[in-house]
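Good morning, colleagues. Please look at the model on the screen while I describe a helix pair and a pocket.

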Amino acid sequence: MGPGPVTSSCGLEATPQTSYRDPSHFTHIAVCGGNNYLDPHEDKALSEYLREACKQGVKLVGVCTGTFAIARAGLLKGQRVCVHWNVINDFRRQFPQTDATPDRLFLESVRVITCAGSSGATDMALHLIRRECGPDKAQQAIRHMILNGMRTSNSPQTHFFEAIQDIRDERVRVAVLTMEQSLNTRLDSQALAERINLSPRQLDRLFHQEMGTTPMRYFKTMRLRYAEWLLQHTDGSIAEIAAECGFSDASHLARDFQAHYRYSPRQSRRKGLLSQTGQASAEAS
């Protein structure tokens, strides 16, 4: 870090008062994410500092896209890390030698803690407070922040994402990502094709070649899978989940859900509750 001003990824300029402090002053060093995670340029000064910290036994904490910076320093090869579902495909593409997962809020290994970011950063911080300062301090923090409690590291991210790394055609990849960001809307073939500068017929042909189905059938399957995930991991009503997944009402969701899965939304919710009960029993034993 030089003596001059530093510009953040959002354009905010700040002038540091000191250079990087000796890592030996810290037990943990957190790297917070920014919006420039797609930029492959490495901040050499930061990478050298993180490598030195790691060498001295300081635990690194990757908060949201801050994990990209730790990976660019070459410190995550062969490790399993937690990444936000919205950037998982970008992370895997840039760092194929790192095992990245979107199924945790945060994940701790011997050298590093990685966190999905957003509200998951709060749970990770409470986890560290509990471990370093005791449960009473953690509970005090929970009350101060007006929280109901603390989620554990293996709590699932409230997410839904498509693994697009195997989709070869870039136009189909963009279409799938557009669908992913539009799960709560009634996106039709015309609107989807226009976003990619294709005609509906061109998009339909590309989808058949790449995915073996039509765009709208694929989109409906995505929305139904998202509905199933919400049924099994949240306590929202079926009507609320129907709206969240772009269905006109609970009856519309129930009809399409039954046709696709051969069981009802209510049965899916019971299945999720039984799974959570079994997991809790296993952890208790």
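Axes here are lines fitted to C-alpha atoms, for helices over the stretch in contact, with angles from 0 to 180 degrees between N-to-C directions. Helices (H or I, at least four residues) and strands (E, at least two) are DSSP runs, numbered from the N terminus. This is a predicted model: local features need pLDDT of at least 70, side-chain atom pairs pLDDT 80 or more, while totals for chains, interfaces and linings use all residues. Residues are numbered from 1 along each chain as its sequence is written, and side-chain values use heavy atoms, without hydrogens and water.

Helix α9 (residues 215–233) packs against helix α11 (residues 250–261) at about 100°, their axes lying 11 Å apart. The two are therefore roughly perpendicular (65 to 115 degrees). Contact (heavy atoms within 4.5 Å) involves residues including Leu224 and Leu231 of α9, and Phe257 and Tyr261 of α11.

The UniProt record, an unreviewed entry, places "domain: HTH araC/xylS-type" at residues 173–271; such annotations may be inferred rather than shown by experiment. That stretch is 73% helix and 0% strand, with its end C-alpha atoms 32 Å apart.

Turning to the pocket: which residues lie nearest the centre of the largest pocket? They are Tyr20, Val31, Cys32, Asp43 and Leu46, among 34 lining residues. A pocket is an open set of points on a 1 Å grid over the protein atoms alone, where a 1.4 Å probe fits, with protein on both sides within 12 Å along at least five of seven lines; lining residues have an atom within 4 Å of a point. Helix α1 gives the largest share of that lining, five residues.

Key. Angles under 35 degrees count as roughly parallel, over 145 as roughly antiparallel, 65 to 115 as roughly perpendicular and the rest as oblique.
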